[in-house]
Amino acid sequence: MAGRRIFSSSLLILLEGRYARWGRGICRFGTAAAIEEPITPPVQVNYTKLLIDGQFVDSASGKTFPTLDPRTGDVITHVAEGDAEDINRAVSAARKAFDEGPWPKMTPYERSQILYRFADLVEKHKDEIAALETWDSGKPYQQAAAAEVPMMTRLFQYYAGWADKIHGLTVPADGPYHVQVLHEPIGVAGQIIPWNFPLIMYTWKVGPALATGNTVVIKTAEQTPLSALYVSKLFHEAGLPEGVLNVISGYGPTAGAALASHMDVDKLAFTGSTDTGKIVLELAARSNLKPVTLELGGKSPFIICEDADIDHAVELAHFALFFNQGQCCCAGSRTFVHERVYDEFVEKAKARALKRVVGDPFRSGVEQGPQIDTEQFEKIMKYIKSGVESGATLEVGGERFGSKGYYIQPTVFSDVKDGMPIATDEIFGPVQSILKFKELDEVIQRANSTRYGLAAGVFTKSIDTANTLTRALRAGTVWINCYDVFDAAIPFGGFKMSGHGREKGIYSLQNYLQVKAVVTPLKNPAWL
Ligand code: ADP
């Protein structure tokens with residue numbers, strides 16, 4: 001089976017082989033006992049205030065909000081609740097650090113050294129960071145510790161490497177002019193991130209912004225404020241000057257909206273739902289027309305052709321959907337299977353879901369923890385109900401798992417038709433929808449019949465089929481015979497209503513750079 005390499009040095013996420021092994025021989029859906037007695041997280045929460053101008057401070061209003069443990073719904077701790085006034089304070093600090101502070105005036109080499117030191121500190125504290133991430137988000141500790149935190153280190157090393165390699169161009173002009181094109185930082189970057197990959201989203205945003213010499217105000221998701229505060233403290237230990245990176249915990253319509261509409265924020269980067277993406281784009285347009293990058297929702301097709309190795313395809317399709325409790329914007333959430341292999345695929349997909357190990361995410365071998373919160377839990381349960389009501393066949397799952405927290409059984413629907421809500425909407429949960437197809441042209445048309453265009457997967461042995469689908473699918477990423485392979489250098493982003501712009505790789509730098517043309521007359525045109 002391909003994908004046996006797990007968390008390789010290049011930090012691609014190739015988990016499916018491991019998950020297959022974990023799944024075998026462990027009882028169905030884990031054990032309820034694993035959930036009834038939550039394991040005590042091996043970490044303490046030390047940072048709960050807002051990080052403004054290099055200091056942890058209370059919110060201006062003095063308000064706090066609880067962050068909850070998705071395993072139980074219990075309060076982990078209370079966190080300072082930032083709102084418009086705190087965003088003002090943070091933006092002023094970032095503005096000052098950009099306009100007057102040492103950051104943009106440092107040499108690119110000095111900036112790169114700070115980013116490298118930060119990456120080293122993340123590596124040094126990886127166990128606490130992973131534990132905090134699991135506690136606040138419910139994702140399996142092994143996933144956070146073996147994939148996400150190492151990926152964060154790698155990404156910051158990647159951006160540290162870029163920091164002293166950003167330069168402009170000289171261009172020829174039709175006349176006696178010397179023309180330089182400078183690539184300069186934009187200024188104050190406002191960033192709003194979601195709760196499904198708190199640290200990875202932080203990294204995709206903060207990494208390129210700092211590497212290009214900008215200053216940052218980042219608003220974390222209200223469900224998962226803890227890990228960003230912890231790592232941002234490490235940034236200051238690494239030598240980041242005060243005010244360069246400011247972290248605000250708080251809610252979207254207050255703190256988030258204040259950041260998106262702030263007149264002194266020069267650029268906005270957002271990851272979240274398509275509906276909220278529309279709101280922040282409008283706020284940016286109505287305020288100072290700041291440029292906006294958006295990474296939004298998806299309903300990605302995963303196409304399994306008739307020549308596929310079915311066992312491998314089942315495993316990969318399972319991983320594509322169920323990874324991170326199904327809470328991935330690029331989840332392979334429409335599994336299209338060729339009619340000749342459809343029945344076998346459905347049987348095996350069902351058997352695989354039954355073997356999925358659900359339980360306390362701190363327990364070794366657990367593949368699936370709880371969903372993030374009660375709102376998401378209820379939304380997913382509604383979609384499961386709608387799948388049954390609209391006539392899809394519920395092969396397995398469909399219920400709450402255990403009695404506490406936000407766990408949901410791995411759920412598989414077959415006989416899914418294109419118009420059903422479980423085939424059109426982003427469920428963001430552990431619900432696999434399997435659809436049947438007959439012809440390549442037909443599946444291309446159906447796969448593209450969506451408002452989204454974030455990712456797609458193709459499973460085939462035929463190079464011709466792979467090439468045809470690659471060109472025809474309207475998506476920002478196409479994974480051939482693999483899925484969720486991420487790397488620092490691979491750009492990620494969406495077509496259509498999945499967003500604007502690309503993150504990671506060289507493309508992410510452009511989001512944070514201004515282009516300035518400098519034109520100087522040449523005294524002696526003879527030397528043109
Ligand atoms: P979800 O529904 O999955 O939580 P959202 O798109 O609402 O996704 O949230 C992603 C991020 O956007 C979070 O940090 C959230 O606080 C923020 N957010 C939500 N609503 C707004 C808003 N009106 N303006 C700015 N940010 C918002």
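## Ligand surroundings

A polar side-chain atom of Lys-219 is placed 2.9 Å from an oxygen atom of the ligand. This is a predicted model, in which local features need pLDDT of at least 70 and side-chain atom pairs count only at pLDDT 80 or more, while totals for chains, interfaces and linings use all residues. Residues are numbered from 1 along each chain as its sequence is written, and side-chain values use heavy atoms, with hydrogens and water left out.

Around the ligand there are 20 residues, of which Ile-193, Trp-195, Lys-219, Glu-222 and Ser-273 come nearest; a residue counts here if one of its heavy atoms lies within 4 Å. A polar backbone atom of Ile-193 is 2.8 Å from an oxygen atom of the ligand. A nitrogen atom of the ligand lies 3.5 Å from a backbone N or O atom of Ala-257.

## Helices H6 and H7

Two packed helices are described by the angle between their axes and the distance between the axes. Helix H6 (residues 141-163) and helix H7 (residues 198-211) pack at about 10 degrees, with axes 9 Å apart. H6 is therefore roughly parallel to H7, a term for angles under 35 degrees.

Among the H6 residues that meet H7 are Met-151, Leu-155 and Phe-156; contact means heavy atoms within 4.5 Å. By class, this contact has 14 nonpolar, 2 polar and 1 charged residues.

## Helices H15 and H16

The axes of helix H15 (residues 440-448) and helix H16 (residues 463-472) come within 10 Å and cross at roughly 30 degrees. H15 and H16 are therefore also roughly parallel to each other. In their contact, 5 residues are nonpolar, 3 are polar and none is charged.

How values were computed: Axes fitted to C-alpha atoms, helices over the stretch in contact; angles between N-to-C directions. Helix = DSSP H or I, 4+ residues; strand = E, 2+ residues; numbered from the N terminus. Parallel < 35°, antiparallel > 145°, perpendicular 65-115°, else oblique. Nonpolar A, V, L, I, M, F, W, Y, C, P; charged D, E, K, R; others polar. Polar contact = N/O pair within 3.5 Å; in protein donor to acceptor, adjacent residues only side chain to side chain.
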